[in-house]
Amino acid sequence: MSLLDVEGLSVRFDTDDGPVHAVDQLSFTLADGEVLGVVGESGCGKSVSFMSLLRLLPETASVSGTARFDGIDLLAASNARLRAIRGRRIAFVFQEPMTSLNPAFKVGNQIGEVLRRHLSLSRADARRRTIELLDLVRIPSPERRVDEYPHQLSGGMRQRVMIAMALACDPKILIADEPTTALDVTIQAGILDLMRDIRERLGTAIVLITHNLGVVADVADRVLVMYAGRKVEEAPVHDLFARPQHPYTVGLLGAVPRPGSGRLQEIPGRVPSLAELPKACAFAPRCPRADELSHSQVPELREIEPRHFVACFHPGPNAEVAA
Amino acid sequence: MGGFLLRKAGAALIVVFLSSIVVFIGIRALPGDPAVALGAENRDPAVMAAIRHSYGLDKPLPVQYVKWISKALRGDLGLDSRQLPVGHTIVTRLPITLELAFLAVLVGTSIGVLAGVIAAVRRGKLSDHSATATALVGLSVPHFWLGLMMIIVFAVDLHWLPASGYVSFRAHPLGNLEHLLMPALVLGTGLSAVLMRQTRSAMLNSLSADYVRTARAKGLSERMVVGKHALRNSLITVTTVIGLQLGALISGAVITEQIFVIPGFGRLTLDAVNERDYTLLQGVVLVAATGYVVVNLLVDVAYSLLNPRIRVSGASNQ
């Protein structure tokens with residue numbers, strides 16, 4: 001049985017300009033100790049989907065569907081129940097380490113309060129454990145760093161603090177939302193290395209949300225590709241890179257820089273606005289394979305080979321997308 | 001931190017020095033002549049000259065200033081027109097106003113911050129709208145009107161509180177609070193209204209900040225999220241506003257003390273102006289200016305305690 005089982009997740013934001021359908025009927029599972037990569041352009045609903053699971057979205061969001069975790073439906077759980085899960089069983093690492101830490105409190109205090117809240121540790125024990133955690137995420141001289149404020153740390157260090165905070169209670173699932181996007185390339189590698197290490201040593205299941213396929217290829221076991229609020233392809237990482245099926249995935253792979261491959265290929269057109277759910281394939285306006293069918297019906301998700309799903313009427317690994 | 005404080009204190013000293021010059025010149029630029037006030041009905045030029053001479057008013061301004069400031073530095077603010085030591089008069093009157101101001105800030109801050117936090121958390125709901133509307137009323141109502149209304153209701157009609165006057169805390173603690181309750185409310189109303197609005201907008205800002213989302217994602221209770229993570233960052237704004245409102249508080253105290261007949265610093269100031277009592281007025285305004293600078297220094301210190309990033313700019317940090 002899977003650790004997390006999400007079915008029919010939809011998220012709608014009610015804005016002044018009418019509703020925005022950020023996520024439409026998203027279903028997926030996450031196994032114990034698995035690393036799931038979630039890929040898509042900005043605004044495709046990847047962050048929103050996972051924040052909605054822990055009800056971290058603003059009040060303008062309405063969420064429907066089910067999300068089974070450990071016998072309960074996260075989306076229907078009471079606030080108190082959810083608070084006991086947040087930070088304890090499911091933890092988040094956010095994209096912006098600069099703004100995601102509170103500038104007014106020492107990092108030791110911010111990590112320690114998770115331990116005190118969920119594990120009821122004393123102040124002294126929480127401090128001891130915090131120093132261990134800082135050491136675990138490879139922050140040098142943690143005894144000193146524990147008493148520093150976020151602004152005294154570099155971006156990479158702050159992200160390590162965020163990770164230490166997320167790992168504090170040894171969660172079953174770690175959701176990392178673009179954990180490396182705001183960081184320098186050299187520091188990115190260190191953070192990804194740390195993620196791999198965490199999975200191996202602690203057995204934590206990780207959801208890695210990113211727009212960077214290189215990051216996914218490095219760390220993930222399975223990949224979920226999202227476009228305009230819908231899942232368009234899902235496959236084990238090697239299958240996806242070897243035989244991408246959806247023209248959007250093919251396009252994304254063409255846009256990854258590789259030495260000696262010449263000019264990068266781009267996907268023509270723009271991500272559609274999500275004000276209205278199209279009664280068609282959302283990618284059709286940008287797709288060279290699109291025909292009348294693509295423009296008039298929403299493609300169903302099909303299992304094209306074992307564990308490889310794609311939502312496209314004309315799947316195939318050929319690269320004519322960028323023509 | 002030490003360096004930061006030293007720089008702030010140095011700047012404060014310069015401000016006090018400059019304000020002493022402004023005070024001195026400003027008062028002499030006022031229309032009216034103390035000799036006329038002192039001589040009463042007697043307008044004989046010889047008497048006038050004698051009075052001016054005895055107060056040193058016939059000397060050039062710079063000489064007068066140096067004489068005054070050098071004595072003031074030693075704690076001697078001179079004698080007023082009744083031949084009483086100005087320093088002593090101020091020392092007896094100032095604590096009354098300090099107590100009033102302290103109570104007003106206490107009342108204003110507790111009401112203003114609490115209402116601001118509630119309004120922000122319950123944004124768009126009835127409690128938000130009513131708090132915002134009440135604050136607008138509180139801002140618009142003049143001190144004297146509010147004071148008079150309170151006297152009519154609570155003193156004249158209900159007989160709950162004394163209408164005016166003052167007893168010292170040492171002589172009669174409860175009576176002291178009874179006498180100061182209405183004045184403190186009147187003086188604190190404007191502050192609480194300003195604070196409510198500023199706290200509300202600061203809280204709305206921090207409640208939508210990423211670190212508040214982080215706090216929620218950690219599973220903290222809503223009380224911790226609001227009361228610790230969001231409020232701590234909003235208090236920076238609150239402290240600044242209290243510092244900025246200090247001028248309004250001083251002038252408000254003058255009016256409030258007048259209405260409630262409290263023999264405080266505000267009344268002393270008004271009396272000194274009315275009587276053209278140069279030495280008294282100089283002493284009073286110098287003390288007020290110094291007090292203003294000192295409180296602003298305290299606000300800076302509080303600010304740096306609340307916002308660790310400010311401390312670092314003063315300290316040597318890698």
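This is a predicted model: local features need pLDDT of at least 70, side-chain atom pairs count only at pLDDT 80 or more; totals for chains, interfaces and linings use all residues.
1. Chain A has an open sheet of 4 strands, ordered β2-β1-β4-β5, and the pairing is antiparallel. At the edges sit β2 (18-30) and β5 (72-73) of chain A, each with pairing on one side only.

2. Next, the helix. Helix α1 of chain A, residues 46-53, packs on this sheet and touches β1, β2 and β4 of chain A. The direction of α1 makes about 105° with that of β1(A).

3. For the pairing of β1 (residues 4-15) with β4 (residues 61-69) in chain A, count 8 bridges, running in the antiparallel sense.

4. Then have a look at the end of β4(A). β4(A) and β5(A) run antiparallel and are joined by 2 bridges; in one pairing, A:Phe69 has A:Ile72 in β5(A) as its bridge partner. The two strands make a hairpin with 2 residues between them, and A:Asp70 in the turn has a positive phi of about 55°.

5. Last, the contact between the chains. Chain B puts in 19 residues and chain A 24. On the chain B side, the elements giving two or more residues are α9 (210-217), α10 (222-259) and α13 (308-314). The most comes from α9(B), with 6 residues. By type, the chain B side splits into 6 nonpolar, 7 polar and 6 charged residues.

Key: Residues are numbered from 1 along each chain as its sequence is written. Chains are lettered from A and ligands numbered from 1 in the order in which they are written. Two strands pair if DSSP finds at least two bridges between them. Two residues are in contact if their C-beta atoms, placed from the backbone, lie within 7 Å. Axes are lines fitted to C-alpha atoms, for helices over the stretch in contact, and angles run from 0 to 180 degrees between N-to-C directions. Ala, Val, Leu, Ile, Met, Phe, Trp, Tyr, Cys and Pro count as nonpolar, Asp, Glu, Lys and Arg as charged, and the others, Gly among them, as polar.
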